[in-house]
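Subject: Structure handover

Hello,

Please find the structure below. My notes on the domains, the interface and the cavity search follow it.

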Amino acid sequence: MLGLMQSQNLLISGILKHGARHHAGGEVVSRTHDGTVHRYTWADVERRSRRLVRVLQTLGVGQGDRVGTLAWNGYRHLEVYYAAPGMGAICHTINPRLHADDISYIAGHAADKVLFVDLSFAPVIEAIADRVKDCVRDVVMLCEAAAMPEVKLAPGMHLHCYDTLMDAANEDYVWPDFDENTASALCYTSGTTGRPKGVLYSHRSTYLHAYAAALPDVLCARAVDRILPVVPMFHVNAWGIPYACAMTGAGLILPGRFMDGASLAWLLNEERVSLTCGVPTIWMGLLQHLRTSGERLTTVKRIMTGGSATPPLLVEAFGGEYGIAVEQGWGMTEMSPVGTYNSPKQAQQGLTGADALRHALKQGRILPGIDMKIVDGDGNDLPWDGSAFGDLLVKGPWIASAYFGDEPGSALEKDGWFATGDVATISPDGFMEITDRSKDVIKSGGEWISSIALENIAVSHPDVIEAAVIASRHPKWDERPLLLVVPKPGATIDPASVLKIYEGQIAKWWLPDEVLVVDELPHTATGKLQKTTLRARYKDHYMGP
Ligand code: AMP
């Protein structure tokens with residue numbers, strides 16, 4: 001027998017309609033390209049997103065079409081976030097920090113029809129125009145008419161100004177109803193082997209994730225809060241914060257391209273931010289600024305950090321010197337992204353000193369609605385005793401089942417579990433802690449670097465016979481690549497000559513910080529590089545004495 005409750009599709013437009021109707025005056029504040037502050041409300045976001053649907057329709061965007069963005073956190077980007085899915089199209093956020101090859105591959109793979117581009121990324125779009133001209137017909141610069149730059153596109157592509165298009169459109173659009181399983185957003189991750197892979201979210205998954213992320217033991221987003229996601233909107237939906245804020249009526253503060261310590265401290269105080277979220281590298285920058293300038297944060301109560309392990313210094317310094325709690329979350333692009341959050345249970349409430357710090361370094365408890373487990377190499381469950389470690393698997397309605405373009409379910413293991421590529425322990429009371437990573441990638445400042453891509457280039461050096469790139473912990477960037485090379489018999493290798501061959505082939509920030517010449521590299525019985533041994537040996541190479 002079925003229940004007798006009303007059935008209603010869980011749509012992203014429903015989140016926005018709620019924000020506009022019940023938190024009409026809730027503020028959305030953005031720093032724009034020139035550093036000025038733009039402010040409007042959730043009612044304005046909803047009204048203008050309807051207007052933007054009309055623009056998208058004029059540009060020929062229909063249901064299921066991909067609408068790409070290359071943009072910082074700002075109000076125009078937010079409007080694309082809501083307008084594209086609201087009409088049944090798909091908002092595809094692209095990471096502009098990637099190499100032009102990857103960006104054009106991603107836009108081509110997604111078959112983006114239109115690209116919405118911030119002024120900062122005009123050079124990026126020029127660099128890729130020729131390679132994406134088969135799918136991208138229109139490029140819309142996210143600015144006012146007076147700021148329109150000259151952008152050289154390929155023949156057949158059209159350049160537009162966002163504000164001009166918006167001024168010419170009307171707001172008569174009515175949000176349609178459709179299946180909540182319809183795709184809503186697309187985000188590529190480089191945290192896998194090979195080319196970046198697309199994760200295709202649905203309205204339902206986004207809605208449920210926003211509900212869970214807003215819970216008291218997670219973001220604890222309330223209408224009186226003002227939340228500043230430093231995490232970019234091109235990184236997994238800015239951790240779902242743009243949705244959780246509209247859902248709860250919290251104010252949303254968007255920093256644009258200004259993410260250095262001084263700019264953040266100014267905006268956090270000026271806009272009375274209560275919670276701010278981002279990767280550890282950002283918080284290290286903010287901490288350094290506060291310590292050198294003597295400034296204090298007057299309203300921030302909590303800093304949520306995630307994307308990489310929390311450096312103990314963050315917890316100690318923000319907690320001890322500034323009275324601000326640093327709380328850790330863990331997740332991944334394939335998880336929408338939030339999977340766990342470290343909020344105390346009764347037993348952890350009284351912890352102090354070293355015990356409190358030790359506990360804060362754990363990645364946390366699973367969010368309700370999804371599940372996790374750790375398994376050994378044969379897929380057998382491991383005990384939750386805080387010391388047995390194994391592959392971390394997850395399952396639930398906001399976790400990917402396949403990558404974009406692949407068969408549904410093709411990314412899953414036995415019984416529908418998704419292997420995260422992280423290695424973890426789980427304590428008896430359910431706190432997960434990451435101990436290692438089985439996937440072969442390096443995370444620097446919240447962004448992935450492919451070790452395989454770097455190794456392939458290294459072995460093109462005439463004197464290198466074998467190469468390995470591993471993640472080594474780094475005080476500022478969390479991790480940086482360390483390259484180990486073995487010389488061909490009789491050859492000697494000049495490390496500088498190895499670094500030179502990377503020129504023009506990779507984004508500059510991918511360049512290994514150091515090249516170590518070694519006699520040999522460890523291998524497994526089947527001849528594969530034994531990265532675990534290398535990681536254990538060199539993991540602190542950049543941490544100094
Ligand atoms: P992404 O898909 O770019 O969000 O990256 C997800 C991966 O980042 C995870 O699988 C982890 O390897 C890593 N990660 C995310 N959050 C944390 C955290 N709090 N501690 C350690 N690693 C993390």
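The domain bounds used here come from an automatic or database domain assignment. The model itself is predicted. On that assignment, the chain is divided into domain 1, made of 12-22 + 34-210 + 233-246, and domain 2, which covers 442-543. Taken over C-alpha atoms, the centres of domain 1 and domain 2 are 36 Å apart. Ten residues from domain 1 and ten residues from domain 2 take part in the contact.

Interface

Between domain 1 and domain 2 an area of about 740 Å² is buried, and carbon and sulfur atoms give 53% of that area. On the domain 1 side, the residues that lose the most area to domain 2 are Arg97, His99 and Ser190; together they account for 50% of what that side buries.

One salt bridge is counted between domain 1 and domain 2. Arg97 also forms a salt bridge with Glu447, where the closest N and O atoms are 2.5 Å apart. Four residue pairs are found in polar contact across the interface of domain 1 and domain 2, with both residues at pLDDT 80 or more. The side of domain 1 that touches domain 2 consists of one nonpolar, seven polar and two charged residues.

Cavity

The search gives one cavity of 30 Å³ or more. The largest cavity holds about 30 Å³ of space. Its lining is made up of Tyr201, Ser205, Thr206, His209, Asn237, Tyr243 and Ser336.

Regards

Technical notes:
Residues are numbered from 1 along each chain as its sequence is written. This is a predicted model: local features need pLDDT of at least 70, side-chain atom pairs count only at pLDDT 80 or more; totals for chains, interfaces and linings use all residues. Side-chain values use heavy atoms; hydrogens and water are left out. Contact means heavy atoms within 4.5 Å. Buried area is the accessible area (1.4 Å probe) that two parts lose on being put together, summed over both. A salt bridge is a side-chain nitrogen of Lys or Arg within 4 Å of a carboxyl oxygen of Asp or Glu. A polar contact is a pair of N or O atoms within 3.5 Å; within protein, one must be able to donate a hydrogen and the other to accept it, and residues adjacent in sequence count only if both atoms are side-chain atoms. Ala, Val, Leu, Ile, Met, Phe, Trp, Tyr, Cys and Pro count as nonpolar, Asp, Glu, Lys and Arg as charged, and the others, Gly among them, as polar. On a 1 Å grid over the protein atoms alone, a cavity is a set of points where a 1.4 Å probe fits but cannot get out, and a pocket is an open set with protein on both sides within 12 Å along at least five of seven lines; lining residues have an atom within 4 Å of a point. Grid points are joined across faces, edges and corners, and a volume is the space filled by probe spheres set on the points.
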